[in-house]
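Colleague: Could you take me through this model slowly, and show me what stands behind each word you use for it?

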Amino acid sequence: VKYQQQLTIPSSSYTGLILGDNVAILCTPQEFKESEATVTWIDPNNHTLHNPLILSPVSVSHNNTRYICNVRIHDNPSSCENNTEDIIITIKDTNVVNVEVHPQELKYSSDGMISCIITLNTAIGPD
């Protein structure tokens with residue numbers, strides 16, 4: 001290996017995410033310019049994704065998923081392994097706290113409306 005280096009992934013960007021948020025997680029080699037390295041992400045299904053890793057919107061299926069940042073230094077011989085760094089995405093626990101149902105004049109022979117208010121322990125989506 002000609003070059004090995006530490007990768008930087010901002011730790012605050014991928015833990016305790018809220019459902020519905022839009023998140024971009026950037027993986028950056030510390031000592032190389034963009035033109036000197038290729039940075040990609042590998043998802044849990046082994047698909048290659050671009051950098052930054054985009055989760056838009058964050059969903060329940062992202063919880064406890066592992067993504068790998070993969071960096072190939074262009075000057076390294078092809079026999080060198082790529083530099084990698086793992087992250088685990090975690091979603092803030094979201095559960096129903098309260099459900100209120102308000103029937104409004106339901107009659108057997110006509111259409112009626114029921115309004116339902118669902119209260120969660122966390123906000124959903126961007127403010």
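**From definition to conclusion**

Modeller: Six bridges connect β4 (residues 37–42) with β7 (residues 65–73), and the two strands run antiparallel. Before going on, please note that this is a predicted model, where local features need pLDDT of at least 70, side-chain atom pairs count only at pLDDT 80 or more, and totals for chains, interfaces and linings use all residues. Residues are numbered from 1 along each chain as its sequence is written, and side-chain values use heavy atoms, with hydrogens and water left out.

Colleague: What makes β4 and β7 a pair?

Modeller: Strands are DSSP runs of E with at least two residues, numbered from the N terminus, and two of them pair if DSSP finds at least two bridges between them. Six bridges join β4 to β7, so they count as paired. Within this pairing, W41 has C69 of β7 as its bridge partner.

Colleague: How do you know that β4 also pairs with β5?

Modeller: Three bridges join these antiparallel strands, and the requirement is at least two, so they pair as well. I42 has T48 in β5 as its bridge partner, and in the hairpin of β4 and β5, with five residues between the strands, N46 takes a positive phi near 70°.

Colleague: Which strands form the open sheet, and in what order?

Modeller: Four strands form it in the order β5-β4-β7-β8, with antiparallel pairing. β5 (48–50) and β8 (83–89) are called edge strands, as each pairs on one side only.

Colleague: What makes β4 "mostly covered"?

Modeller: Five of its six residues are buried, a word that stands for under 20% relative accessible area, whereas exposed means over 50% and partly exposed lies in between (1.4 Å probe, protein chains only).

Colleague: Why is V99 called partly exposed?

Modeller: V99 lies in strand β9, and its relative accessibility is 46%, so V99 counts as partly exposed.

Colleague: Which residues have the most contacts inside the largest nonpolar core?

Modeller: They are I25, W41, L55, I87 and I89, in a core of 20 residues. Such a core is a set of buried Ala, Val, Leu, Ile, Met, Phe, Trp, Tyr and Cys residues joined through side-chain atoms within 4.5 Å. β2 (23–25), β4, β6 (53–55), β7 and β8 each supply at least two residues of this core, and β7 gives the most, with four residues.
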